[in-house]
Amino acid sequence: MASIKFLGHSCFMIDDGKNNRVLIDPFLTGNPMAASSPEDLNPTLILLTHGHGDHLGDAIEISKRTGAEIMGVFELVNYCMSKGANGHPAHMGGTIPYNFGWVKLVPAFHSSSTPDGTYAGNPVGFLINFYGHHIYHAGDTGIFGDMELIGRLHGVDTALLPIGGTFTMDIPEAIEASGMLKCETVIPMHYNTFPPIEADAEEFKEKVESRSDIKVVILEPGEAYKIPLHFQTPR
Ligand code: NI
Ligand code: MN
């Protein structure tokens with residue numbers, strides 16, 4: 001059984017239980033909610049939505065230790081490669097094939113620079129086809145109407161959506177986003193790590209589930225959500 005494990009903030013590990021471990025936005029060092037230390041993770045692929053410190057996190061060190069490639073937008077991945085990481089530069093619209101399926105880069109409305117102030121290109125979200133299960137990681141973003149298009153073009157099974165507000169969508173926007181995506185399941189992220197992004201995930205769950213058939217799964221850092229592997233051809 002494959003799983004999506006929440007490691008705190010916007011960090012997730014998608015694991016097929018065999019030989020594919022996709023790590024997203026590994027902000028662990030300095031994260032008061034981190035459920036793992038970077039040394040304990042052994043990803044085969046690292047995805048970065050943007051360059052902010054709470055997303056770039058420990059990615060470069062983990063890549064250098066494990067050899068896992070960092071995939072993301074051109075400017076950010078080139079920055080990581082200049083620091084010795086293994087990288088795969090790409091950009092929005094691109095669909096990168098992997099042996100579990102593919103990863104597509106989709107828009108996010110935010111900004112992107114690294115902690116030392118380097119311009120890091122555009123921020124993105126990712127749509128991940130993991131053996132036929134489509135996982136949308138929105139990255140840091142406000143709501144935008146083309147979330148409906150992402151759902152309609154590709155189909156989203158599980159959406160990982162920020163709910164903390166201030167820097168991203170808040171609960172009312174994330175409720176609307178869930179409806180636009182027409183996903184089966186939503187896992188909230190990017191809340192309660194720091195005081196400015198405090199949010200009540202139970203309130204989000206009650207409101208989404210009372211007005212739709214969408215299921216909200218609240219994961220505590222360290223908890224995992226099991227997903228089926230369909231072994232379908234990409235849709
Ligand atoms: Ni950010
Ligand atoms: Mn952030």
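Me: Is phenylalanine 109 buried or exposed?
Reply: This is a predicted model, in which local features need pLDDT of at least 70 and side-chain atom pairs count only at pLDDT 80 or more, while totals for chains, interfaces and linings use all residues. Residues are numbered from 1 along each chain as its sequence is written, chains are lettered from A and ligands numbered from 1 in the order in which they are written, and side-chain values use heavy atoms, leaving out hydrogens and water. Buried means under 20% relative accessible area, exposed over 50% and partly exposed in between, with a 1.4 Å probe and protein chains only. Phenylalanine 109 has a relative accessibility of 55%, so the word for this residue is exposed.

Me: Which residues coordinate the manganese ion (ligand 2)?
Reply: Donors are N, O and S atoms within 2.8 Å of the metal (3.2 Å for Na, K and Ca), and water is not among the atoms, so sites may look incomplete. At 2.1 to 2.3 Å, the residues that coordinate this ion are Asp54 (OD), His55 (NE2), Asp140 (OD) and His190 (NE2).

Me: How far apart do the manganese ion (ligand 2) and the nickel ion (ligand 1) lie?
Reply: Histidine 190, one of the residues that coordinate manganese, is buried, with a relative accessible area of 2%. Another residue, aspartate 140, bridges the two ions, and the distance between them is 3.3 Å.

Me: How many aromatic pairs does a search of the whole structure find?
Reply: Rings of Phe, Tyr and Trp (its six-membered ring) pair if their centres lie within 6.5 Å, and planes under 30 degrees apart count as stacked, over 60 as edge-to-face and the rest as tilted. Ring pairs link Tyr98, Phe100, Phe130 and Tyr131 into a cluster. The number of aromatic pairs found in the whole structure is six.
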